[in-house]
Amino acid sequence: MNYKQVFDSIDVGMVVLDQQFMVLEWNNWMALQSGIEAGEVVGVSIFQLFPELNNPIFFRNCKVVLTFGNIVFLSQKLHNYLFAFKVKGPRAAMIEYMQQRCTIMPLRADDGAIKNILITVQDVTESVALVKKRKKTLQELEFETEKRKKAHTQSEKLNVLRADLLITKSLNEHLDNITDSVIDIFNADFARIWLMKTGDLCDEGCIHAEVRDGASVCVKRDQCLHLMSSSGRYTHLDGKGHCRVPFGSYKIGKIAAAEEGKLLISDVVHDPNVHDPAWAEGLGLVAFAGYRILSARRLPVGVLALFSKHDISTDDDALLEGVANTTAHVVLAAQAEEALVDREVRYRSLFENARDAIMILDPSGVFVGVNPATLEMFGFENEKKIINQTLVSLSPDIQSDGTFSSKKLIKVFKKAFTEGGIDFEWLHKRSNGGEFYAHVRLTPIQLNGERMMQAAVRDISGQKKLEEDLKRLSSIDALTGVANRRTFDETLKNEWQRLARSKKTLSVLMCDVDYFKLFNDTYGHQRGDDVLRQISGTMMSITKRSGDLPARYGGEEFTIILPETEASSAVGLANKLCAAVENLGIENRGSKVSRVVTLSVGVASIMPKKDILPERLIEDADKALYSAKNTGRNRVVCM
Amino acid sequence: MVIKDDRIFSNEEIDLLQEIMNIGFGQAAADLAEVVDIFININTPNLNVLKALGIGEYMEEEIRDFDKCSIVSQNYLGDTRGIALLVFSENAEKELLNLLPGATVHGMETDAVGELEKEVLLEIGNILIGACVGKMIELLKSSLTYMPPRSIVGEDFQSLQETFEPGSYALLLKTDFGFEDRNVSGYLFLVFSQESIDPLKNAMKNFMSQYE
């Protein structure tokens with residue numbers, strides 16, 4: 001569709017003006033409304049065609065558009081000078097002008113400079129009419145309400161009440177409406193509604209909780225009736241004795257607990273059920289009526305009760321029972337709604353605010369929805385970046401145990417669906433490529449009737465770090481603080497493989513403390529341990545490269561792994577170590593070669609190969625050490 | 001709720017953008033006075049980068065000094081996308097009515113006067129927002145299109161932040177303005193969405209290159 005076609009077919013008037021307000025273009029809509037064809041208006045001033053536009057505000061708005069390049073939106077309310085088009089069609093019998101909304105916008109040349117003005121005219125007559133109609137309807141509704149207020153007979157009034165209870169309002173508003181209506185319709189002195197709040201234990205200070213014996217004892221402390229609404233003589237809800245009534249006690253509690261659905265008292269001054277007859281007499285009260293409010297399963301929910309200064313007729317009684325039933329509907333509907341809203345809110349807020357990433361995936365593992373924590377955890381700006389991707393795209397290709405992420409995911413999904421859920425550890429990948437360990441729980445769920453998978457992902461990289469710390473601690477020799485034998489073996493194996501690939505030399509020093517047994521016998525094991533610690537410290541201080549690994553091989557034997565180190569450098573380091581240990585100057589009277597503690601060191605170097613075992617290097621180093629021991633100790637021998 | 005995040009804008013970039021806006025607003029004020037006899041004073045804008053979810057809270061905090069206010073909002077889109085909000089002090093509508101020579105409330109019903117006043121706010125808001133944003137965008141050699149202005153009722157900023165992706169950032173600009181000859185003042189807020197940030201950065205680079 002080309003520009004001209006759009007221009008002509010659009011249901012909006014369009015006029016292009018040059019900066020002198022001469023018409024350059026005029027679309028079909030304008031021709032239709034004005035009855036003037038485009039050919040007749042091009043080159044004519046817009047003010048000549050529509051004199052009403054020739055006013056300061058229109059002029060100003062055009063200048064604003066030309067100066068700032070923005071769009072000015074005009075409404076007819078403010079600009080009653082817009083295009084004077086008459087409304088066409090059936091309403092044309094009465095001369096009516098079209099309601100319009102106009103915009104003035106800039107048209108730019110290729111270089112971006114504002115060249116012309118485009119005016120668009122939209123017919124909003126219909127929508128204005130709708131707005132008017134809505135206003136009228138609202139007025140009618142108000143009138144209807146007025147009419148309701150004038151309802152006279154009891155049944156009329158009850159119908160009004162029932163209709164009102166259908167309107168969406170809060171439960172409290174509904175209950176107030178009911179007690180107000182009872183006062184009005186049945187000419188009661190006061191009317192009240194109590195509702196049970198199961199499991200709501202007595203507040204401190206509830207006067208009924210203090211009653212320990214007699215007919216009014218509070219027997220069921222977890223089933224309290226709360227005064228929800230009160231109309232007539234009393235409107236307050238906080239009277240000490242009335243704000244709560246124990247289930248099974250007093251009139252109200254008894255009505256709630258009784259098998260009988262109601263309690264009618266025709267002479268309140270003399271009835272034993274009324275605990276304060278003098279008060280009733282003083283107020284001139286005559287009759288009392290109380291009705292249970294029952295759930296659909298015929299369980300008590302609350303009580304509706306009233307006192308009146310006249311007898312309650314059988315007709316009134318029947319109608320009041322009806323009101324109690326209506327009240328039950330209102331209460332149950334409100335409770336059901338509350339529970340629903342509660343659940344919704346809870347689920348929603350759980351989803352939205354959960355710190356764990358929660359994702360909904362379809363059975364093939366494609367994301368359908370994720371919570372904000374997911375975006376945060378994986379480093380995505382918005383949901384769009386993640387929807388329609390799969391869990392595989394949030395994982396490295398290979399998991400830490402060497403399996404392929406994609407294959408493993410298919411397996412766990414299947415398992416989760418068949419077993420109803422699964423927990424596992426997973427290596428995840430953030431959008432920036434960073435990897436982290438997560439604990440993942442997959443739970444199959446039904447979402448709008450479809451089978452989906454919910455994945456809750458918790459970042460456990462912190463926990464993993466702790467585990468690594470633990471591992472590191474277990475890899476250290478407790479006495480000396482250098483690596484233990486296990487670490488030595490592992491490191492040697494890894495370095496062997498690594499250097500076999502890169503074809504570089506691996507050297508090992510095997511060190512033994514000279515005459516250490518004699519040292520122990522002379523100075524005791526405590527001092528012996530000190531010596532081992534000091535030697536370890538020396539080893540650590542002379543091995544500066546991060547890849548070098550000093551370790552305790554066992555007893556008084558130490559070793560140092562020196563990756564990428566030629567024999568000559570290894571010997572140099574060994575000599576440095578021997579000198580450093582001698583320089584510690586620890587007296588050893590048992591030594592036959594020195595006054596102080598010394599070391600014998602065997603050095604072995606090799607270029608690791610796949611077909612040679614690393615033990616070969618240890619054997620060589622051991623041989624060299626043996627040779628050092630046999631040739632006078634306190635020396636270095638290299639194989 | 002204000003976060004400083006260098007990944008989004010460096011301090012230098014914030015300064016530069018602030019300067020560009022300052023120039024733009026200055027020109028807008030000058031042109032408004034010259035072209036349409038609207039005399040406004042506008043201050044140096046203040047820039048912040050916020051999480052989109054915090055916009056509502058931030059706005060409420062920022063306009064606390066107004067007991068009652070009228071707000072005109074206008075969305076714009078193009079290379080950059082965002083919302084402009086003009087917050088007027090109370091009774092601004094009555095003062096501003098005089099800015100429209102043709103409009104008169106004489107002999108009108110109260111209802112109609114209220115609606116007229118609302119329309120006046122929308123129109124003046126439309127012009128002010130268009131002028132300020134337009135000049136700034138012109139300096140950046142970019143272009144925008146505008147949605148019709150709306151008036152916001154009841155300071156409902158929550159609906160405002162829903163315009164933006166929940167996890168995203170937004171660039172929020174605040175400046176205060178006043179009419180020289182009338183007792184009307186208020187704030188102008190511009191909120192740019194996160195996807196505006198890259199185009200804005202590019203535009204700023206181009207802007208700087210003409211001085212190098």
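Contact here means heavy atoms within 4.5 Å. Keep that cut-off in mind for this tour of a predicted model.

**Stop 1: the sheet in chain A**

Start by selecting the strands of chain A that make up an open sheet. There are 5 of them, in the order β2-β1-β5-β4-β3, with antiparallel pairing. Now colour β2 (23-26) and β3 (72-75) of chain A: these stand at the edges with a single partner strand each, so one side of each has no neighbour in the sheet. Turn the view along the sheet and you can follow the twist, which averages 20 degrees from one strand to the next.

**Stop 2: β1 against β5**

Next, pick residues 13-17 and 114-123 of chain A. These are β1 and β5, antiparallel to each other and joined by 5 bridges.

**Stop 3**

Select residues 56-68 of chain A. This is helix α5, lying across β3, β4 (100-108) and β5 of chain A, and its angle to β4(A) is about 35 degrees. Keep α5(A) on screen, as we come back to Arg60(A) in that helix.

**Stop 4: where chain B touches chain A**

Bring in chain B. How many residues of chain B are in contact with chain A? The count is 35, and they touch 24 residues of chain A. About 2,400 Å² is buried between the two chains, with 60% of that on carbon and sulfur atoms. In chain B, show Val35(B), Glu123(B) and Glu165(B): they lose the most area to chain A, together 21% of what that side buries.

**Stop 5: charges across the interface**

Between chain B and chain A the count is 2 salt bridges. Go to Arg60(A) and Glu123(B), whose side chains form a salt bridge at 3.0 Å, N to O. This pair crosses from helix α5 of chain A to helix α4 of chain B. Then move to Glu376(A) and Lys51(B), another salt bridge, where the closest N and O atoms are 3.7 Å apart.

**Stop 6: the chain B side**

Finish by colouring α1 (11-36), α4 (110-139) and β6 (144-146) of chain B, the elements that give two or more residues to the side touching chain A. Which element gives the most? That is α4(B), with 14 residues. Colour this side by class and you get 17 nonpolar, 9 polar and 9 charged residues.

How values were computed:
Residues numbered from 1 in each chain as written. Chains lettered and ligands numbered in written order. Predicted model: local features only at pLDDT ≥ 70, side-chain atom pairs only at ≥ 80, totals over all residues. Heavy atoms only, no water. Pairing = 2+ DSSP bridges. Helix = DSSP H or I, 4+ residues; strand = E, 2+ residues; numbered from the N terminus. Axes fitted to C-alpha atoms, helices over the stretch in contact; angles between N-to-C directions. Buried area = accessible area lost by both parts, 1.4 Å probe. Salt bridge = Lys/Arg side-chain N within 4 Å of Asp/Glu carboxyl O. Nonpolar A, V, L, I, M, F, W, Y, C, P; charged D, E, K, R; others polar.
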